[in-house]
Amino acid sequence: MIHVTTTCPDTDTARAIARAALGQRLAACANILPGVLSLFHWQGRIEEEPEVLLSFKTRAAHRPALVTLIEERHPYDLPVIHWEDAETTPGATAWLDTETG
């Protein structure tokens, strides 16, 4: 299992991206966590924006297509998308495999 994560400007955007990814079976699950406050460097300034964290549970084989989907549907000029391997239980692995084909 891997987690693919990005931030979105609002819950509606995160929900739309999540539904698209789930509809294409690129992920078995999407978690949307509102209430994130992000501080970051952007165009020579330090910015501060409220955001929503969007995280997917998927397989490494689906990462390229999932990243492309996020990039295509994301409203930011530069959506920061990252991923990491996640160890999990055999049952969770079986579920992931079933849901993402």
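## Aromatic rings

A search of the whole structure, which is a predicted model, finds zero aromatic pairs.

## The hairpin of E2 and E3

Strand E2, which covers residues 29-42, pairs with strand E3, which covers residues 45-58, in the antiparallel sense and over 12 bridges. One of the residues involved is Phe 40, whose bridge partner in E3 is Glu 47. The two strands E2 and E3 form a hairpin with two residues between them, and in the turn Gln 43 has a positive phi of about 50 degrees.

In helix H3 the buried residues are Ala 92, Leu 96 and Thr 100. These residues lie on the same side of H3, because they cover an arc of only 50 degrees around the axis. An α-helix has 3.6 residues a turn, so residues three or four places apart point the same way. The other side of H3 carries the exposed residues Pro 90, Gly 91 and Thr 98, while the buried residues of the helix pack against E3.

## Thr 100 at the end of H3

Thr 100 belongs to helix H3, which spans residues 90-100, and the helix is followed by Gly 101, whose phi is positive, near 65 degrees. With a relative accessible area of 4%, Thr 100 falls under the 20% limit and is therefore buried.

Leaving aside neighbours within four places in sequence, Thr 100 is in contact with Arg 25, Leu 26, Ala 27, Ala 28, Arg 59 and His 62. With Arg 59 there is also a polar contact, made between the side chain of Thr 100 and the side chain of Arg 59 at 3.1 Å.

## Thr 6 in strand E1

Another threonine, Thr 6, lies in strand E1, which is made of residues 2-8, and Thr 6 counts as buried because its relative accessibility is 2%. The side chain of Thr 6 reaches the backbone oxygen of Val 80 at 2.8 Å.

When neighbours within four places in sequence are left aside, the residues in contact with Thr 6 are Val 52, Leu 53, Leu 54, Ile 70, His 74, Pro 79, Val 80 and Ile 81. For one of them, Val 52, which is 46 residues from Thr 6 along the chain, the separation of the two C-alpha atoms is 8.6 Å.

Terms used. Residues numbered from 1 in each chain as written. Predicted model: local features only at pLDDT ≥ 70, side-chain atom pairs only at ≥ 80, totals over all residues. Heavy atoms only, no water. Helix = DSSP H or I, 4+ residues; strand = E, 2+ residues; numbered from the N terminus. Buried < 20%, exposed > 50% of the residue type's maximum accessible area, 1.4 Å probe, protein only. Polar contact = N/O pair within 3.5 Å; in protein donor to acceptor, adjacent residues only side chain to side chain. Contact = heavy atoms within 4.5 Å. Phe/Tyr/Trp six-rings, centres within 6.5 Å; stacked < 30°, edge-to-face > 60°. Pairing = 2+ DSSP bridges. Arc of directions from axis to C-beta.
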